[in-house]
Amino acid sequence: MNEEVRLVAWVRGRVQGVGFRWFTRATALEIGGLSGFALNLDDGRVQVVAEGSREGCQKLLDWLCEGDTPGRVDGVTEIWDTPRGIYDTFSIR
């Protein structure tokens with residue numbers, strides 16, 4: 001069974017000013033069935049929130065950790081939770 005989940009990930013590295021949020025959104029839309037957002041944080045990290053199937057969220061997390069991302073990813077911290085169902089699409093904030 002492919003349950004619905006919420007993924008919150010904080011991406012560290014050189015991930016601001018390199019199109020990282022745009023590519024994260026494009027990847028989420030390509031995976032399909034995901035909603036949420038990518039947001040630059042004041043400390044230089046990017047926060048990614050995705051809701052959808054566990055499989056889809058895992059694909060996005062795998063891309064964040066090991067994919068061909070712009071910039072440089074030094075590490076990703078994630079938590080899994082229950083979806084809140086408040087996002088219509090995947091956006092850049």
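## Nonpolar cores

The largest nonpolar core has 19 residues, and those touching the most other members are Val11, Val48, Leu60, Leu64 and Phe90. A nonpolar core is a set of buried Ala, Val, Leu, Ile, Met, Phe, Trp, Tyr and Cys residues joined through side-chain atoms within 4.5 Å. Buried stands for under 20% relative accessible area, exposed for over 50%, and partly exposed for values in between (1.4 Å probe, protein chains only). At least two residues of this core come from each of strand S1 (4-14), helix H1 (20-31), strand S3 (46-53) and helix H2 (54-66). Helix H2 gives the most, with 5 residues. Helices (H or I, at least four residues) and strands (E, at least two) are DSSP runs, numbered from the N terminus.

There is also a second, separate core of 6 residues, with Trp10, Phe37, Leu41 and Val49 among them. In soluble globular proteins, nonpolar side chains tend to be buried together.

## Basis of the values

The model is predicted: local features need pLDDT of at least 70, side-chain atom pairs count only at pLDDT 80 or more, and totals for chains, interfaces and linings use all residues. Residues are numbered from 1 along each chain as its sequence is written, and side-chain values use heavy atoms, with hydrogens and water left out.

## Salt bridges

The count of salt bridges is 5, where a salt bridge is a side-chain nitrogen of Lys or Arg within 4 Å of a carboxyl oxygen of Asp or Glu. One of them joins Arg54 and Glu3, whose closest N and O atoms are 3.1 Å apart. This pair links distant parts of the chain, since Arg54 is in helix H2 and Glu3 in the segment before S1, 51 residues apart. Arg54 counts as partly exposed at 32% relative accessibility, and Glu3 is partly exposed with a relative accessible area of 39%.

Another salt bridge is formed by the side chains of Glu51 and Arg6 (2.8 Å, N to O). Glu51 lies in strand S3 and Arg6 in strand S1, so this pair ties together parts that are 45 residues apart in sequence. Both Glu51 and Arg6 are buried. The side chains of Arg72 and Asp74 also meet in a salt bridge (2.8 Å, N to O), and Arg72 is partly exposed at 43% relative accessibility.

## Two buried serines

Ser53 is in strand S3 and counts as buried at 18% relative accessibility. A polar atom of the Ser53 side chain lies 2.9 Å from the backbone nitrogen of Gly56. Not counting residues up to four places away in sequence, Ser53 touches Asn2, Glu3, Glu4, Val5 and Leu34; contact here means heavy atoms within 4.5 Å.

Ser35 belongs to strand S2 (residues 35-40) and is buried, with a relative accessible area of 13%. Apart from neighbours within four places in sequence, Ser35 is in contact with Val49, Ala50, Glu51, Tyr87, Asp88, Thr89 and Phe90.

## A nonpolar surface patch

Trp22, Phe23 and Ile92 make a nonpolar surface patch of about 310 Å². Patches are made of residues with over 30% relative accessible area and no salt bridge; like charges are joined within 9 Å and nonpolar side chains (Val, Leu, Ile, Met, Phe, Trp, Tyr) within 5 Å. Accessible areas come from the Shrake-Rupley method with a 1.4 Å probe, and for residues only the protein chains shown count as cover. Ile92 lies in strand S5 (residues 90-92) and is partly exposed, with a relative accessible area of 36%.

Methods:
A polar contact is a pair of N or O atoms within 3.5 Å; within protein, one must be able to donate a hydrogen and the other to accept it, and residues adjacent in sequence count only if both atoms are side-chain atoms.
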